[in-house]
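Please consult the sequence and the structure shown here while reading.

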Amino acid sequence: MSRLVNRANASAFLPQVKAPVLGLYPTSGQITSDTQESLLKDNLSDFEVIHLPTNFHMVQLLYPKTCAEHVLRFCARHDGVSLEDL
């Protein structure tokens with residue numbers, strides 16, 4: 001399974017994403033590289049990344065309150081976006 005995940009490449013589809021995207025990432029995780037984050041920043045029209053102080057990618061388990069607060073603020077900022085706009 002990990003070989004499949006590591007070979008997957010959705011970069012051609014990123015410019016088609018019209019919805020705002022929030023990424024909650026570890027500060028220096030082992031799974032997502034700086035190159036991958038740059039790919040998202042460069043190809044998503046509305047991408048916000050938040051780095052949490054951990055090396056582990058299970059940020060939602062390590063920082064549930066912080067993640068929830070970021071998601072709620074993100075949603076509140078994009079409250080006027082309708083599904084038809086996407």
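## Leu40 and its surroundings

Leu40 touches Leu14, Tyr25 and Phe47, not counting residues up to four places away in sequence; contact here means heavy atoms within 4.5 Å. Leu40 is found in helix H2, which comprises residues 34-43. With 17% relative accessibility, Leu40 counts as buried, a class that means under 20% relative accessible area, whereas exposed means over 50% and partly exposed lies in between (1.4 Å probe, protein chains only).

The C-alpha atoms of Leu40 and Ser11 are separated by 8.1 Å, although the two residues are 29 apart along the chain. Leu40 also belongs to the largest nonpolar core, which has 5 residues in all: Leu14, Tyr25, Leu40, Leu44 and Phe47. A nonpolar core is a set of buried Ala, Val, Leu, Ile, Met, Phe, Trp, Tyr and Cys residues joined through side-chain atoms within 4.5 Å.

## Basis of the model

The structure is a predicted model, in which local features need pLDDT of at least 70 and side-chain atom pairs count only at pLDDT 80 or more, while totals for chains, interfaces and linings use all residues. Residues are numbered from 1 along each chain as its sequence is written, and side-chain values use heavy atoms, with hydrogens and water left out.

## Overall architecture

The protein has 4 helices and 2 strands, and along the sequence these follow the pattern α-β-α-β-α-α. Helices (H or I, at least four residues) and strands (E, at least two) are DSSP runs, numbered from the N terminus. Among contacts between residues at least 6 apart in sequence, 74% join residues at least 24 apart.

Of the 86 residues, 19% count as buried. The accessible surface of the protein comes to about 6500 Å², and 57% of it belongs to carbon and sulfur atoms. Accessible areas come from the Shrake-Rupley method with a 1.4 Å probe; for residues, only the protein chains shown count as cover.

Gln36 is found in helix H2 and is partly exposed, with a relative accessible area of 40%.

Ala12 is placed in the loop between helix H1 (2-7) and strand E1 (21-26). Ala12 is exposed, its relative accessible area being 59%. A separation of 8.8 Å is found between the C-alpha atoms of Ala12 and Asn43, which are 31 residues apart along the chain.

## Salt bridges

A search of the whole structure finds 2 salt bridges, each defined as a side-chain nitrogen of Lys or Arg within 4 Å of a carboxyl oxygen of Asp or Glu. In one of them, the side chains of Arg77 and Glu48 meet at 2.3 Å, N to O. Arg77 lies in helix H4 (residues 64-77) and Glu48 in strand E2, so this pair ties together parts that are 29 residues apart in sequence. Arg77 is partly exposed at 48% relative accessibility, and Glu48 is partly exposed at 24%.

Glu69 forms a salt bridge with Lys65, and their closest N and O atoms are 2.9 Å apart. These two residues are 4 apart in helix H4 and are therefore separated by about one helical turn. Glu69 is partly exposed, with a relative accessible area of 31%, whereas Lys65 is exposed, with 61%.

## The loop between E2 and H3

Thr54 lies in the loop between E2 and H3 and counts as buried at 11% relative accessibility. Apart from neighbours within four places in sequence, Thr54 is in contact with Pro26, Thr27, Ser28, Val59, Leu62 and Tyr63.

Met58 lies in the loop between strand E2 (47-52) and helix H3 (59-62) and is partly exposed, at 48% relative accessibility. Together, Phe56, Met58, Leu61 and Leu62 make a nonpolar surface patch of about 440 Å². Patches are made of residues with over 30% relative accessible area and no salt bridge: like charges are joined within 9 Å, and nonpolar side chains (Val, Leu, Ile, Met, Phe, Trp, Tyr) within 5 Å.

## Cysteines

How many disulfides does the count come to? A disulfide is a pair of cysteine sulfur atoms within 2.5 Å, and by this rule the count is 0. Cys67 is buried at 6% relative accessibility, whereas Cys75 is partly exposed at 44%.
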